[in-house]
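Reader: Can you go through this one with me? I'd like to start with confidence and then look at some elements of chain B.

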There are 2 protein chains.
Amino acid sequence: MVPTDDLEPGPRPRRHRLSRRAFLGAVGGLTAGAGALIGFDRAPHRNATFEGPVLDAVEPFYGARQGGITTPTQSHTSFAALDVTTDHRRDLAHLLASWTSIAAKLTAGNTAGAMTADASATEPDSGEAVDLGAARLTVNFGFGPTLFTLDGVDRFGLAAQQPMQLTVLPAFPGDQLAASTGGGDLTVHACADDPQVAFHAVRQLVRAAAGVATLRWSQGGFNEAPASAGTPRNLLGFKDGTTNPATDDQLSSFVWVGAEGPAWMTGGTYLVVRRIRIDLGRWDGISLGAQEQTIGRHKASGAPLGKSAEFDALDLHATDASGRPVIPADAHVRLASPQENWGQMMLRRGYAYSNGVVATGMDGLPADHALDAGLLFAAYQRAPRFAFIPIFRTLAASDRLATFTAHTASAIAAIPPGPPRPGRWVGQQLLEA
Amino acid sequence: MVPTDDLEPGPRPRRHRLSRRAFLGAVGGLTAGAGALIGFDRAPHRNATFEGPVLDAVEPFYGARQGGITTPTQSHTSFAALDVTTDHRRDLAHLLASWTSIAAKLTAGNTAGAMTADASATEPDSGEAVDLGAARLTVNFGFGPTLFTLDGVDRFGLAAQQPMQLTVLPAFPGDQLAASTGGGDLTVHACADDPQVAFHAVRQLVRAAAGVATLRWSQGGFNEAPASAGTPRNLLGFKDGTTNPATDDQLSSFVWVGAEGPAWMTGGTYLVVRRIRIDLGRWDGISLGAQEQTIGRHKASGAPLGKSAEFDALDLHATDASGRPVIPADAHVRLASPQENWGQMMLRRGYAYSNGVVATGMDGLPADHALDAGLLFAAYQRAPRFAFIPIFRTLAASDRLATFTAHTASAIAAIPPGPPRPGRWVGQQLLEA
């Protein structure tokens, strides 16, 4: 049997889903599709009340932008930061070309490579997303500041190309970063409407980096599934993302890199990721009023305190009958607002995370069992030196919410523009400069 | 404004979903529904390619069985094991009655309690599942062996009621359990088609246990979303669950407790949960043939080695031309098969899990960064002493797959029958005996 090229059109398997179909086309000596159908026929207990359609929608991969930035939020994410282990720029370029090719396949709903029935060969794909649809998978790649300069060394002849905005994040008050959970030379950010599709994508890409880069830290996250019709709620129970930039003007001003360059970043953006553990037990123990004063919004509606609807404008000057500010001075929404931050906005794509129970408290010291759960914060922005860094410096020092949180992992990356068409790869303009 | 009772029928919010609607009905001084609609109208960037329907399907809560056992597999799970801290049986009974009441609300798509706009009150529900549908949420509760007897002490006068089948799991070769990740006096197993709904349920129930029980360990998991039409694949890339008991005869024989009693367990079952870390890097590095020899099945089709379709019978006597067994002597599927285990079957509801990257190797010792990912194994069975315990003793000692895995958390519990109707609660027959 001839192995099927997984990029060739072929018959769609059951349920008319786009699928990682090369796998099914290459089973030694039998018709895999028939096997799958038999499985379906004989497993009546599964899907008796099957909910939802097959997740076969595809997000475009090639284009002016990388995916997963303005893409409507998917319900799952998987993020990885990697360390480059090679000393050779050509290895790095080869990895980026390879990653681009693999990501193009995965986002189309295919496997990472054409799978064969050769039992002596190592599989090019681990297989757990076979039969699953593309599920709107997006993947983007980024370059951390340490890729350009590490301990003063210009590792790959790229130091002159390092953007002014791409700086190692400073230490913030309350950070609980381990050496291993801060930074990363490369980032991979996958989002999909199926958790297994998102996990699978990062797994294949980390694997493809063998010999060139190794995993530094990784974290998955979830959101409402399918993403609800409104602003989703985070684990604080509050709507999160209400003031995201949305108009083309806002995206141009605050998300996409413009003429400021460097040239290889024009049309790109910057990503900051922070894993923010939340002391859910303590949070749940305070009153509704105390929660709303901490955030500065009403919990149910998402409206700013004193207003009635989620998208009502934030009035930071409003005072109550006794002359006190309606939005407290240390409320999260005030300190993070564009009004208090030179008009800056960030495009946040937050996901909840839960890593089960750990035996450390919020201060990082041994304590009773507590959930390691919270927010996997991810924000795309044009200028981290003017947006995330100063805003978060304020928040870490003064935000009432910060008393409930600890930042336990962190990364910053330059996200170059998308590969415009097949044959081009992410970061090519930088690495071939 | 009068707080709305969250069990009362009310207008459905946007998108005609069943919803945790009490929250929206009780916002101080404004029409929350209108706020939500404004949010929807003004957030065009969300859901431009919204996939899937609102997840508003409801699984029954009251009935002869607890939920989440034979319920068609949902795409997400959240499991928790708790330690009872009270010395008083009445507190335990009160907790079970309270848990039953809360689970009935949550599985119907409501909040854990009626939410008010009283800013001075602590919220009865943390709120992150407001606006979300029931998403086929199921919750079941279980009793660990240490609830009956702990260090020889009959803690609650229940020792005489401890089922013979409910025994502390023995130590198995290769176990890497921390003291804190083995066991638990009580278990909560939630499954839903929305990860936030599953997480939310366990969070509310742990919170409701305050003063009576505390969290011991917890783990979430994911599966294909929505569950695919066939047997799902685990992170090994293989179909998992092919030989699950499915017919009424099989379920009666191998899942549901019968006349053997004790009486309070008739119609119940037993749950064994194991968090099984998989060395994905090493697994991905071996050949397809080596993977298939390890499992004993073809990866693509799920068929037993030498057969062509997933549900073909496992022939453990088949030999190849040179007289060697087609299914190797140490293949997982052989050692776990009913044929090799006195006909025993377990109803497995496995989920993948990923907790990000840890700095420990598969042996539990410090090592390079590696994914803490694998399988959250959960199996319902009539008789753990005849099923999980002897089967896994064999697997731990001899299964070729065991060289790729480490068990890092564990629990066993008696799952009593369901509360037959409102007003009755889980475990009532035991605790009021």
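Predicted model: local features only at pLDDT ≥ 70, side-chain atom pairs only at ≥ 80, totals over all residues.

Reader: What ipTM does the predictor give the complex?

Author: The ipTM is 0.87, and the pTM is 0.88.

Reader: And what does the pLDDT of chain A average?

Author: The average for chain A is 87, with 86% of the residues scoring at least 70. Residues 1-19 of chain A have a pLDDT below 50, and in the model this stretch has 51 contacts beyond near neighbours in sequence. Residues 21-53 of chain A also fall below 50. For that stretch the model has 92 contacts beyond near neighbours in sequence.

Reader: OK, chain B. Is strand β3 enclosed or open?

Author: Strand β3 of chain B, residues 186-192, is largely enclosed by the rest of the structure, because seven of its seven residues are buried.

Reader: Which residues point which way from β3(B)?

Author: Leu186(B), Val188(B), Ala190(B) and Ala192(B) point one way. Thr187(B), His189(B) and Cys191(B) point the other way, and the residues on both sides are buried.

Reader: What is β3(B) joined to, and by how many bridges?

Author: Seven bridges join β3(B) to strand β1 of chain B, residues 76-84, and the two run antiparallel. Strand β2 of chain B, residues 138-143, also pairs with β3(B) in the antiparallel sense, over six bridges.

Reader: Switching to helix α3(B). How many of its residues are buried?

Author: Of its 14 residues, 12 are buried, so the helix is mostly covered. Among them are Phe199(B), His200(B), Arg203(B) and Leu205(B).

Reader: What span should α3(B) have, and what does the model show?

Author: Helix α3 of chain B covers residues 195-208, and at 1.5 Å a residue its 14 residues should span 20 Å. Its end C-alpha atoms are 20 Å apart, which agrees.

Reader: Last one. Where is Pro390(B), and why does it count as partly exposed?

Author: Pro390(B) is in helix α8 of chain B, residues 388-398. It counts as partly exposed because it has 14 C-beta neighbours inside 10 Å, while a buried residue needs 20 or more and an exposed one has 12 or fewer.

Reader: How far apart in space are Pro390(B) and Ala336(B)?

Author: Their C-alpha atoms are 10.0 Å apart, with the two residues 54 apart in sequence.

Conventions
Residues numbered from 1 in each chain as written. Chains lettered and ligands numbered in written order. Helix = DSSP H or I, 4+ residues; strand = E, 2+ residues; numbered from the N terminus. Expected span 1.5 Å × (residues − 1). pLDDT = per-residue confidence, 0-100. Contact = placed C-beta atoms within 7 Å. Pairing = 2+ DSSP bridges.
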